[in-house]
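Student: Could we go through this model together, beginning with the surroundings of the ligand and then turning to the aromatic rings?

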Amino acid sequence: MTLADIIPSLRSSLRAPLTQVWPSTAAWGEHGDLTIGGVAMTSVVTAHGTPTYVLDEADVRQRCRDYLTAFGGDGVAYTAKALLSRGIARWLAAEGLRLYVGSAGELRVALAAGFPADRIVLYGSAKTPEDLEAAYAGRVGTIVVESLGEITRLAATAPQGQRVLLRVLGGTEPAEGTDCRFGLRIGSGEAAAAVARIVAQPRLTLVGVDCSVGHQVSRFSVYEHEVRGVLEFLAEMRTRHGVEPTELNLGGGHAVAYSGGDPSLALAAFASRIRAVLRLAAERHDFPVPRLTVSPGRAIVSRAGITLYHVVAVNRGPDGHILVAVDGGMTDCPSGALCGGQHTAVLFGRTTCAQPVRATVVGRHNDADDVIVPALTLPADVHPGDLLAVAGSGAYHHSRASNYHLVGRPPLLSVRDGRTTTLVRRESSEDMLLRDVDERDAA
Ligand SMILES: Cc1ncc(COP(=O)(O)O)c(C=O)c1O
């Protein structure tokens, strides 16, 4: 028996600490309210409804600064696919990051926000002609080459002097947990063939190499392995082709925690370890130390984002376990490898002395796998109308949200210093009908 069992009123003051997986400005407010960026989340719900994504601007900006401190002035790019809007692109530009875009759509948003084109990198293993045309028209600084065939296309269409990075797979063996790997294999000779083709093209300038080792990687050894493989490759390319590319982008994939105890990448230690490994590898091959850059997505925005839901239904099992259904689900909280781990949620907006019970938070989509939080504790008196906040939804939630069940996608709001700003408005059923072409309208 705990003290809270003897004095139940203690429970409302013993709220879950809002650390590690919650936005850095998250705090408990009056009457069980949750505040982010000095804004009461109950007031956000009143003004904007649910489900709603809320992003802590101060948290995003602080992560940008942490990365810049670790990797230096020009060493950090943000990968847009994790989450992008014009407002966010402006924060990133103001903080001095570069930007990795993977489509003409992401590029358009970045340019519309005034993001400097020369600081944008277009990547993608299957760039479409539209992606490339948008990059040329927008005068994008750098393009990542990810296949041999692409070099021929770029050589014929890119502007004179187009800077390119070559995406390589440096390690001989994909490390555990790094199954999603893109690029030209060093071991198979494909990467060397790509260098030979690029240097033969007068329009293209090979400025460096680029890697992507996976997602949610917390072990430094995966990146160390890549650095050693790449340096050996660069030294060989110097001997064969007389080229000395000066940039090494180690990609992103840095692990973040979704619930207490999850591993995350220790940024400062990672940066100093990788620098040391890079220096040693360069020395070993008598190669000038390349400029080290990284391009994380998740690690910049994941923790800054939360999603607010209303509880719609509660079903109680015979063992006391409760199933709590909310007004969102797999459309706004997509699961799967890219999305990360198991989320954490809290009830907010009221106080309660009820016992904590085991619960599962599920979505509204009538699908067995529509599960938002598989296992957590919630107060036993949780009921329809209650409010839940789910942590860790800044990355790959809004950007991967869908219209399944023809449910409109939630709005994306930012909060800072007591102010709320709408970054992306809620999608309505009108929006969906606009895309639905009715042939009778044409008659
Ligand atoms: C193909 C690809 N995916 C994702 C990322 C970023 O991943 P994450 O959001 O896990 O940091 C990068 C960054 O370089 C990338 O190139």
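Tutor: For sorting residues, Ala, Val, Leu, Ile, Met, Phe, Trp, Tyr, Cys and Pro count as nonpolar, Asp, Glu, Lys and Arg as charged, and the others, Gly among them, as polar. The model is predicted, so local features need pLDDT of at least 70 and side-chain atom pairs pLDDT 80 or more, whereas totals for chains, interfaces and linings use all residues. Residues are numbered from 1 along each chain as its sequence is written, and side-chain values use heavy atoms, with hydrogens and water left out.

Student: How do the residues of the shell around the ligand divide into nonpolar, polar and charged?

Tutor: The ligand is surrounded by 14 residues, a residue being near if one of its heavy atoms lies within 4 Å. R167, G253, S295, R298 and Y396 are the closest. By class, the shell holds three nonpolar, eight polar and three charged residues.

Student: Which rings link into a cluster?

Tutor: Rings of Phe, Tyr and Trp (its six-membered ring) pair if their centres lie within 6.5 Å, with planes under 30 degrees apart counting as stacked, over 60 as edge-to-face and the rest as tilted. The whole structure has five aromatic pairs. With centres 6.3 Å apart and planes at 15°, Y67 and F71 are therefore stacked, while Y223 and F270, at 4.9 Å centre to centre and 70° between the planes, are edge-to-face. Ring pairs link into one cluster Y67, F71, F220, Y223 and F270.
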